[in-house]
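Trainee: I'd like to learn how to read a few features off a model. Could you walk me through them, starting with charged side chains?

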Amino acid sequence: MKSSHIRFAASGPLWKEITNLLADHDLHRSFSDSRKASRVAQQMISTPHPHRALFVLIAAHHYGCHLGREVYEAVAWRLAEAREWKLIPALARLQKRLSGRQTARLLDWCIRALVEMSQFARLDRALKWFEEEGLLPTRRTYHLLLSGHLRNRNIVKAMDVIQRMLKAGFGIDARTHATIISAYRALGPDVVVQTCALNALEDADGNTSTRILNALLQFSMDTRDTENVLSLIRHFDFGTFDVSQLSFGVRPLRREKDVTFSDLIRSSSRGHTSHPLLPNIATYTILLHYIASQGDLVSAHGLLGQMKHSGVTPNSHFITALIRLYFIVGRPSAAVNVVSAVCAGVEDFRTGFRNIPLAFESQEELPLPHALPKPTVEIFNALAAGMLHLYGVDGLQACLRLMHLCEVNPDCHTQALLESYLINAEGSIMTDAARVSKELSLNALSLSRLSRSLASSLRHHFHNVKRSGWNNNDFGKRILFPPTSTVGKSFEPDAGINPVIRHQKARIRPIIRSLADRGVLADHRTFAVRIRYEAVLKGDMRAAKSIFQLMLSRGLHANEYHYAALMEGYAATGELAAAEAVMNAAERRGIRSNCVMHTILIVGYARQKNLQRAMRVLRHMIATGVRPDLPAVDAITSVFFAVGGYRLGRQTLLRLWPSVAPLPSDLGRVSLKTLMYHLRNVYDGQISSKKLSQRERRELIGKSKELSTT
């Protein structure tokens, strides 16, 4: 074969790599048969230069080795395992060039790779690929396309895929429902979708049943639905680990149609108790994430013991949850030791932490499984999140050094961690955060980065119109913004906010262009920014509700951020009855009102000097187990200030202070003004996500009653 026939695969420096490979006579023996060539290609994927796997296949073909479809498919599987998604379409093109045709399985891998890279626009031609190759799409093909469109929050195209699948003779079965429910988290909990998936259990095999139950379990934990979680867990056999002893929080809020769905879950669990399923690693991971959120180290170690006893091998997702757990319970050295065990054999591991005051623990004290996954960017991102919280940018730099040692590259999530930290903890603007990211070679053009950029760009506008119970003055005329779009191409992927970001256009435009070219649609976060922009900055509640309804019509389910944006808009105009109605509507939809939503109401009533209503909101917050944070304590204190109750305001602040930060002993006699100054300075900016315990709830309810009768 002439060299020109393979030059298509590379040029410049890459072409030199191929020619050097062709000149390596030691490799010639590896090309004597396709199995050896396949092994060498797969080994290349584990090196810092995974693209050389394709060069190995080119060289093998050059020396006359026949490469069957199983070679390409094995290499594709290894590329997927290493998350080298960008190389899979190149591998498919290489198969076409070298063998003259592509296989259905490799085209399926291409679809999966496009989904993982958020290249959703290219999915529209996927079925054409099969037609051009004279191949028939399989059920797997349609399921991959269905999952991709759902992950992009595109209900219209997802429904089109289902229609095409039915037309091709593939009916909707349990595997279809498993695909839908597994991808539907991008849209939010839908009772109809969950009910259909639950009904499909009757005809599902073991693996499909586990996929469905895992997705339902995740939805129930997302909505903190204790009863449904316990009912779903009864489908599984966790051996000696008693899952029913876990704390699942307060009684769940019931959404419309939820009673029927919950009854269905309970009846299904009773029907499956005689034949429980063995949990897989995804089941253990979902449960460990929940246990971590509760800071329950004893239960986590019990779960680890049961997993080892059952012979379940952990993957990178499980290790990520374990690292998160150790940071939450205050054992960062244990989290580092977990990563150290994963990176066993990497020299100079501890030197990466030379500038971090960290005491290492003995690995023997950790109940780690014997078989551990290879280092992945997901594992390092979990470590980076904890290290950023404790040690700032120095902690992240230590993680980046480790990633370099382990030959793992940062990704868009690494960038999100850094930029979110710089903006929220350090008070940086998005421009400065983006500059630091660029210096660290982090420059992913992702939807999450666009959301951060939009929120950061509007932050100073939100600050200018922020209401406070300490100052009842009006803020004058609102700022006039350019018109925004509600429909059409100009709405995607930024929810139509782009026209108002004048001073940031040069920085944001490349992100928007990249996402638009890939067909990425607006998500929950961008809709939340747009709704808040209309409601709070423009004061146009009609437009805000229109965007809210547009989001719902697309199949996206509203969360607490969308409802809070509407509440903030109503509260800004003094329509607190409407704001409370929004919060009540959220609770009817199963969304528990959080601290921000309560604080919006308290600030609104403070501006109206309505102490009775504000205290009622505080009692409701505590009764539902929501832990007050600094803004909530600040707001309730401002109510007393607004009505002239300075002594009671000071007393309120002292009683609620311990719920957000330790109370210094030397502040017992200072003024209310001085107390507020110190509270705002000693607070570290980190709001506890843990709910109130029963004891804490009783204590705060007692204090709020005392304040109401004083």
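Mentor: A salt bridge here is a side-chain nitrogen of Lys or Arg within 4 Å of a carboxyl oxygen of Asp or Glu. Keep in mind that this is a predicted model. The general idea is that side chains of opposite charge can pair when their charged atoms come close.

Trainee: How many salt bridges does the count come to by this rule?

Mentor: The count comes to 22 salt bridges. Let's take one from helix H6, residues 104-116. The side chains of Glu 116 and Arg 112 meet there, at 3.0 Å from N to O. They sit four residues apart in H6, so about one helical turn separates them. Arg 112 counts as partly exposed, because its relative accessibility is 30%.

Trainee: Which residues are linked with Glu 116 and Arg 112 in a network of salt bridges?

Mentor: Arg 83 and Arg 151 join Arg 112 and Glu 116 in that network.

Trainee: What about Glu 534, with which residues does it form salt bridges?

Mentor: With Arg 530, the closest N and O atoms are 2.9 Å apart, and with Lys 538 they are 3.7 Å apart. Glu 534 and Arg 530 both belong to helix H25, residues 524-537, and are four residues apart, about one turn of the helix.

Trainee: Are Glu 534 and Arg 530 buried or exposed?

Mentor: Both are buried. Glu 534 has a relative accessibility of 1%, so it counts as buried. Lys 538, on the other hand, is partly exposed, with a relative accessible area of 29%.

Trainee: Next up, rings. How do I describe a pair of them?

Mentor: A pair of aromatic rings is described by the distance of the centres and the angle of the planes. This structure holds six such pairs. In one of them, Phe 238 and Tyr 284 are 5.6 Å apart centre to centre with 85° between the planes, which makes the pair edge-to-face.

Trainee: Why does that pair tie together parts that are apart in sequence?

Mentor: Because Phe 238 lies in the loop between helix H13 (226-233) and helix H14 (258-272), while Tyr 284 is in helix H15 (residues 281-294), the pair ties together parts that are 46 residues apart in sequence. Both partners are buried: Phe 238 has a relative accessible area of 5%, and Tyr 284 has 1%. Phe 236 belongs to one aromatic cluster with Phe 238 and Tyr 284.

Trainee: How do I read burial for a whole helix?

Mentor: In helix H3 (residues 52-62), eight of the eleven residues are buried, so it is largely enclosed by the rest of the structure. Among the buried ones are Leu 54, Phe 55, Val 56 and Ile 58. Gly 64 follows H3, and its phi is positive, near 90°.

Trainee: Now pockets. What is the volume of the second largest pocket?

Mentor: About 380 Å³. Its lining is made of 21 residues, with Tyr 184, Asp 190, Val 192, Val 193 and Cys 196 lying nearest the centre.

Trainee: Which helix gives the most to that lining?

Mentor: H11, with five residues. Helices H8 (139-151), H9 (155-167), H10 (174-183) and H11 (191-199) each supply at least two.

Note on methods:
Residues numbered from 1 in each chain as written. Predicted model: local features only at pLDDT ≥ 70, side-chain atom pairs only at ≥ 80, totals over all residues. Heavy atoms only, no water. 1 Å grid on protein atoms, 1.4 Å probe; cavity = no way out; pocket = protein on both sides within 12 Å on 5 of 7 lines; lining within 4 Å. Points joined across faces, edges and corners; volume = space filled by probe spheres on them. Phe/Tyr/Trp six-rings, centres within 6.5 Å; stacked < 30°, edge-to-face > 60°. Buried < 20%, exposed > 50% of the residue type's maximum accessible area, 1.4 Å probe, protein only.
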